[in-house]
Amino acid sequence: MKHLLSAADLDRSEAIEILDTAAQMAATQSREIKKLPTLRGRTVVNLFFEDSTRTRISFETAAKRLSADVINFSAKGSSVSKGESLKDTALTLQAMGADAVVIRHQSSGAPHTLAYAGWTSGAVINAGDGTHQHPTQALLDAFTIRRHLVGDSGRADVAGRDLAGLHVAIVGDVLHSRVARSNVQLLHTLGARVTLVAPPTLVPVGVGSWGADVSYHLDEVLTEGRPDAVMMLRVQRERMSMAGGGFFPSPLEYTRGYGLDARRLAALPDHTIVMHPGPMNRGLEISADAADSPRAVIVEQVSNGVAVRMAVLYLLLAGETTNMKAVGE
Amino acid sequence: MTTTKYLLRAVAPLGGERVDVLIADGVVAAIGADAGTLAGSDATVVESAGLVLLPGLVDLHTHLREPGREDAETVLSGTRAAALGGFTAVHAMANTTPVQDSAGVVEQVWRLGRDAGWVDVHPVGAVSVGLAGEHLAELGAMAGSAAHVRVFSDDGKCVHDPVLMRRALEYVKAFGGVVAQHAQEPRLTENAQMHEGVVSGEIGLAGWPSVAEEAIIARDVLLAEHVGSRLHVCHVSTAGSVEIVRSAKSRGIDVTAEVTPHHLALTDELARGYDPVFKVNPPLRTAADVEAVRTGLADGTIDIVATDHAPHPREDKDSEWSAAAFGMTGLETALSVVQEAMVDTGRMTWADVARVLSSTPAAIGQVSDQGRPIAVGEPANLTLVDPAARWVVVPHEQATASDNSPFGGREMHGRVVATFLRGRATVLDGLAQDDADGSRRAAGRTETH
């Protein structure tokens, strides 16, 4: 594996290797000295064309815990008219000797272009591109699900295990969600069943080929589908006011139909966990009752994110040639 | 002007019986046994056994980019590319800077074409001032200018206001013009990046739904019927559009339609690699749509093939997908694509190719001296093709000033061996016949207009 661009790039054994490595990384994070020397002398660039404080901090923490040098490059507004092109930015980072580029971009496919256009020789890690993919989010979600729901709720060793037999409901703005796309693919690879729940306006054309069930009715899915995990997606309030009168009539109507509140929480099986990629809109897609309930694993997702990103950086960079050598090849 | 004679020996006009054809004094001077006799000793002999002779190709949809975007293409570079692709006439789309929305600008483009001398350049006039879709441009002035405009289009933008479209359809009746519509409902395609379907959903690019094209075509054929005018539909790309045009024709509505070579050959699956060379408007559709436009072209529902040659400089394509420009070049690959998709598959004959790439586009554009039968006394606008040839597209080696060919690296079927513009070889042995100064300056001028 040279890059991590899409959850679809991972086969079952690669995905499990990342999860197992992340478990080892997580174990080191409970020690007093959290830092490992593994990537000393390596340079990781966080190239963020879109604001995302939490994802950037997560990658930055992961890289620093592995002793890599971290450069944060915030480059909002990528279009040629506004400033430097993606190509010139990539060439600049290449010249500075980046071993890995963690890229967040508002344009779907920008990490793919960065990886294959020949502008940089470093590893490219997709930290979220447009409405396409966010593979490390899917990995940390799978990691969190495995910890809680596989191997007797975490009491047994889960190394090498997948998510076979589990049912995950993903609820909300599937149309615009890279988190949903990545999760559907990775959960499928790991043997879990996925039900997407959204109002019809937020279900993409062509979803029939995704290998997931689709429902417009959250209550039905929660009570009859008995999901093991419920993943709530962030709903951007601006979706309501967009062209065509918005994707749904009002926040209140959305919450009534698709929000996870105390009533719906009570309808869930006892073992079901509640997830959210953050940042949450409390009161819109998730109520405080649900977000703060004991079954919510939302804060844990954040800490697992660091372990998963450490694992990805480690697997992509450790043992690889240095940037200087790669350029000379 | 030199008075070179060319004797095409054992050529197959429209792929039929082999005969000798003599080109002299700008016309087809003789066909058959007396061609050799009349040729005399000073004729250049072109051994043409195995080659097909077509009327010179006529493109109804070319972006030459001049004035304004000479970094992408000039009239000179674009028309030279056209000649190499077998064309003897092109219609230059109106979305230049300034826009071809006045007599002055269309005359400028027409003169640039005449000076270049590679093909006849027929400027297309804008329907609306500045392509803004608000007020009619001075269609009459453009029609009456030296450029003699007959085709009007806001191509690149849709004339989406139904009242403006109605007025344009009515107004051009006064001088026998035609409105060529770029059918794209703007609200359904805001920020659209590619065909809306399985692939767009998966790779997360905003979709350009088929219905956005079909809804406008449906509206426009009804408008054309209502006002009794003539409509041309640019670059039909969906199966549904083919159905609407077919049904309109069966109702007797005066509508013609074109398909591009790339919509005959390529699908939206190519977007998966995010290479913007495959980003085009209308977008590449599905395999079922490709099948439908091929069927439509073969059965005459779609009247013509037009290139929508849309050159862009490197920096407009060397980027992430959503920042890249829409469009692909096509003049130098069009005939090969049509051969492979339609002739080599047995769906069309070479006579059909002459119809869809020459005589019918000339008729739609009202170009009287192009797209003529291959007969004695007719102007010698001719294209000689080697259907057996195979070649690989190397975009930066093409004559167009831009490299955005979607066929780069592909092996193509058939090659243009020679192109004759009123008896003068603009292309011979597959090579552009440049003058010493690199152009065809002034050649053939006496015979135009």
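## The interface between chain A and chain B

In this predicted model, chain A and chain B bury about 1,600 Å² between them, and 50% of that area lies on carbon and sulfur atoms. The contact draws 21 residues from chain A and 19 residues from chain B. Within chain A, the residues that lose the most area to chain B are A:Ser108, A:His112 and A:Val205, which together account for 24% of what that side buries.

## Polar and charged links across the interface

Between chain A and chain B the count is one salt bridge. This pairing joins A:Lys87 to B:Asp318, with the closest N and O atoms 2.6 Å apart. Eight residue pairs are in polar contact between chain A and chain B, counting pairs in which both residues have pLDDT 80 or more.

On the side of chain A that touches chain B, the elements that give two or more residues are helix H3 (86-95) and helix H4 (110-116) of chain A. Of these, H4(A) supplies the largest share of that side, namely three residues. Sorted by class, the residues of the side of chain A that touches chain B are seven nonpolar, twelve polar and two charged.

## Two helices packed within chain B

Inside chain B, the axes of helix H8 (residues 239-250) and helix H10 (residues 287-298) come within 8 Å and cross at roughly 25 degrees. Because angles under 35 degrees count as roughly parallel, H8(B) is described as roughly parallel to H10(B).

The residues that H8(B) brings to this meeting are B:Ala239, B:Val242 and B:Arg246, and they face B:Asp289, B:Ala292, B:Val293, B:Thr295 and B:Gly296 in H10(B). By class, the contact of H8(B) with H10(B) is made up of four nonpolar, two polar and two charged residues.

## Salt bridges over all chains

Taken over all chains, the count comes to 34 salt bridges. One example lies within chain A, where A:Arg56 forms a salt bridge with A:Glu60, the closest N and O atoms being 2.9 Å apart. Both A:Arg56 and A:Glu60 belong to helix H2 (residues 53-65) of chain A, where they sit four residues apart, a spacing of about one turn of the helix.

Terms used:
Residues are numbered from 1 along each chain as its sequence is written. Chains are lettered from A and ligands numbered from 1 in the order in which they are written. This is a predicted model: local features need pLDDT of at least 70, side-chain atom pairs count only at pLDDT 80 or more; totals for chains, interfaces and linings use all residues. Side-chain values use heavy atoms; hydrogens and water are left out. Axes are lines fitted to C-alpha atoms, for helices over the stretch in contact, and angles run from 0 to 180 degrees between N-to-C directions. Angles under 35 degrees count as roughly parallel, over 145 as roughly antiparallel, 65 to 115 as roughly perpendicular and the rest as oblique. Contact means heavy atoms within 4.5 Å. Ala, Val, Leu, Ile, Met, Phe, Trp, Tyr, Cys and Pro count as nonpolar, Asp, Glu, Lys and Arg as charged, and the others, Gly among them, as polar. Buried area is the accessible area (1.4 Å probe) that two parts lose on being put together, summed over both. A salt bridge is a side-chain nitrogen of Lys or Arg within 4 Å of a carboxyl oxygen of Asp or Glu. A polar contact is a pair of N or O atoms within 3.5 Å; within protein, one must be able to donate a hydrogen and the other to accept it, and residues adjacent in sequence count only if both atoms are side-chain atoms.
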